[in-house]
Amino acid sequence: MRLKQVPPPGPHLPRGRSKSLCSTRAPSRPPSRPAGGEFLLRYARVAPPAKKCAFVLTRDGRPVKVQRTIFSECFYTMAMNELWRVTGDAQYQSEAVEMMDQIVHWVREDPSGLGRPQLPGAPAAESMAVPMMLLSLVEQLGEADDELAGSYAELGDWCARRILRHVQRGGQAVLENVSEDGEGLSGCLGRHQNPGEDTRPTLPEPSPGHALEAGWFLLRHAVRRGDPKLRAHVIDKFLLLPFRSGWDPDHGGLFYFQDADGLCPTQLEWAMKLWWPHSEAMIAFLMGYSESGDSALLNIFYQVAEYTFRQRYLQSHPRQDSPLKQGTRSSKGITCYKVTWQFRDPEYGEWFGYLNREGKIALTIKGGPFKGCFHVPRCLAMCEEMLSDLLSRLAPASAPAPALSARSPPADPARRGAE
């Protein structure tokens with residue numbers, strides 16, 4: 001695709017970006033490139049001029065791992081486009097458009113460049129992750145460039161149609177994998193529901209987070225196309241349906257994976273509660289409410305936010321460097337509770353990513369191969385912007401929205417993980 005030399009958006013703020021996090025003035029030419037951008041330009045591609053990007057690099061830029069998917073390249077495209085918006089450096093936008101062309105070629109014409117062998121026993125399946133990531137890139141690249149938006153219009157419609165084919169079982173399930181003809185698949189691959197996303201090549205069982213993330217991508221597409229019928233369909237099938245099936249009725253939170261037939265998922269982590277499905281759920285339901293005015297969607301947003309941000313009071317022994325709340329007196333003395341949060345670390349900041357089913361921290365790492373600085377800041381920035389916009393619409397006489405509840409220390413610590 002030919003890249004039109006257009007100025008970066010500058011003061012214009014595209015949907016989905018918080019003004020507090022974006023520069024309101026982009027220089028025509030930066031005095032020097034950001035270190036991160038320069039690192040990506042120099043090292044992200046494994047064997048330039050080939051476009052395949054590394055999934056993992058050493059600190060000095062040597063490739064360690066390459067995935068045989070399009071996802072490293074998709075995030076590289078996002079990064080290049082955002083760097084262009086902030087710096088005004090045309091090379092970043094050129095990189096973004098060239099990589100987008102390569103991704104489209106891999107997806108729609110010839111996937112052989114991804115390096116994945118076509119094994120005779122592997123079912124011909126289409127993962128929902130591919131068209132939804134492409135749809136996200138269509139939105140990303142078209143926001144600040146009308147010519148690109150027009151060039152990608154057909155691609156955006158194609159992506160939306162492919163995602164909608166994943167509504168299966170008579171409209172009662174959103175499945176991660178379908179056949180190349182858009183039909184259901186046999187076995188655990190065809191029963192997979194993914195509430196959140198997973199960047200692994202195949203996703204056998206179903207999970208609600210991925211459907212919710214695809215839902216708000218589709219919702220923005222429907223609004224941009226001026227299609228209220230599609231908007232209503234997306235809210236029903238990609239927001240409400242996955243939430244109803246994916247919310248844990250016993251402990252709260254979204255399951256990571258599910259099986260459409262109610263069988264045991266094959267993923268060992270299926271019952272865990274991860275950071276990013278809850279981040280994407282908050283975006284989806286707040287956006288759904290913002291676009292439709294349906295208060296049920298706002299109530300679900302509060303439900304997810306209450307789970308995500310709620311305080312927990314864990315029985316602890318007094319320490320001078322930890323915030324404690326005094327509880328009930330027992331025969332052994334005073335029972336104290338350490339104040340903590342569901343995902344957020346109150347002491348050092350950032351979010352823990354992996355909770356067990358009961359909502360307790362399962363892994364104390366805050367970053368790794370799959371948890372980076374992406375879902376959390378995007379969620380917080382977009383929700384802040386949407387909430388600010390909603391508050392600005394309120395008439396003076398309107399009642400304020402209910403505040404998130406802060407829990408008091410539980411009378412019975414054994415029940416502290418329950419809703």
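**Salt bridges in a predicted model**

Me: Which residue forms a salt bridge with Arg357?
Reply: A salt bridge is a side-chain nitrogen of Lys or Arg within 4 Å of a carboxyl oxygen of Asp or Glu. The closest N and O atoms of the pair are 2.8 Å apart, and the partner of Arg357 is Asp248.

The model is predicted: local features need pLDDT of at least 70, side-chain atom pairs count only at pLDDT 80 or more, and totals for chains, interfaces and linings use all residues. Residues are numbered from 1 along each chain as its sequence is written, and side-chain values use heavy atoms, without hydrogens and water.

Me: Is Asp248 buried or exposed?
Reply: Buried means under 20% relative accessible area, exposed over 50%, and partly exposed in between (1.4 Å probe, protein chains only). Arg357, at 26%, is partly exposed. Asp248 has 1% relative accessibility and therefore counts as buried.

Me: Which residue forms a salt bridge with Arg33 at 2.9 Å?
Reply: Arg33 is partly exposed at 31% relative accessibility. Its side chain meets that of Glu38 in a salt bridge at 3.5 Å, N to O. At 2.9 Å between the closest N and O atoms, the partner is Asp89.

Me: How many salt bridges does the count come to?
Reply: The pair Arg357 and Asp248 is a salt bridge, as is the pair Arg33 and Asp89. By this rule the count comes to 23 salt bridges.
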